[in-house]
Amino acid sequence: MTVTDAPIRITRLGTLSILSRRAVEVTDLRKLALGQDCQVRIPGVCNFNPETTSLAHFRMAGTCGVGLKPSDWQASLACSACHDAVDMRVPTQYTKDELDLMMCHGILRTHEHWRRIGVMK
């Protein structure tokens, strides 16, 4: 994804430039995830540590596959513990469907977070 509209106003958020009121380069979302609060928040799993937060992608048929990662807009801010749980790298008390639902809620909370800080309209 690239920004093609003009004019673009660039502001600073920490050390990352944000394209205010315009789409952000996809790679910027991954960088912007660092230091943010986890939005997946799996009860009994989440470590609530922003230092471990990264962009966790929701894998869904038709949007990803072998060698094809989903769009960064199809992702949530997730701490390392929640990311491991939704990617099924560690066992939890939750079913796949429950983890998928918590991940979808995290994606919606992430979009609201991006909207509040001016990354999304």
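The protein chain holds three helices and four strands. Read from the N terminus, these elements follow the order β-β-α-β-β-α-α. The mean pLDDT of the protein chain is 79, and 70% of the residues score at least 70. Among the elements, helix 2 has the highest mean pLDDT, 97, while strand 1 (residues 9–13) has the lowest, 43. Across residues 1–21 the pLDDT is below 50, although this stretch has 43 contacts in the model beyond near neighbours in sequence. Where pLDDT is low, the predicted coordinates should not be read in detail.

Some totals describe the chain as a whole. It has 121 residues, of which 38% count as buried. Its accessible surface is about 7,200 Å², and carbon and sulfur atoms make up 56% of that. Of the contacts with a separation of 6 or more, 56% are between residues 24 or more positions apart.

The interior comes next. In soluble globular proteins, nonpolar side chains tend to be buried together. Here the largest nonpolar core has 17 residues, and Val-40, Ile-42, Cys-82 and Met-103 touch the most other members. Helix 2 (80–86) and helix 3 (96–116) are the elements that give two or more residues to this core. Apart from it lies another core of nine residues, including Ala-33, Trp-73, Ala-75 and Trp-114.

Beyond its neighbours within four places in sequence, Val-40 is in contact with Ser-76, Leu-77, Ala-78, Cys-82, Val-86, Met-102, Met-103, Gly-106 and Arg-109.

Gln-39 is found in the loop between helix 1 (26–33) and strand 3 (54–57). Is Gln-39 buried or exposed? Its relative accessible area is 7%, so Gln-39 counts as buried. With neighbours up to four places away in sequence left aside, the contacts of Gln-39 are Ser-76, Leu-77, Gly-106, Arg-109 and Thr-110. The side chain of Gln-39 also makes a polar contact of 3.0 Å with the side chain of Arg-41.

Pro-43 is also placed in the loop between helix 1 and strand 3. Leaving out residues up to four places away in sequence, Pro-43 touches Tyr-94 and Met-102. Pro-43 and Tyr-94 are 51 residues apart in sequence, yet their C-alpha atoms are 9.8 Å apart in space.

The cysteines remain. How many disulfides does the model have? The count is zero. A disulfide would require two cysteine sulfur atoms within 2.5 Å. For Cys-38, the closest cysteine sulfur is that of Cys-82, at 3.8 Å, so this pair is too far apart for a bond.

How values were computed
Residues numbered from 1 in each chain as written. Predicted model: local features only at pLDDT ≥ 70, side-chain atom pairs only at ≥ 80, totals over all residues. Heavy atoms only, no water. Buried < 20%, exposed > 50% of the residue type's maximum accessible area, 1.4 Å probe, protein only. Polar contact = N/O pair within 3.5 Å; in protein donor to acceptor, adjacent residues only side chain to side chain. Contact = heavy atoms within 4.5 Å. Core = buried A, V, L, I, M, F, W, Y, C linked by side-chain atoms within 4.5 Å. Areas by Shrake-Rupley, 256 points an atom, 1.4 Å probe, with all protein chains shown as cover. pLDDT = per-residue confidence, 0-100.
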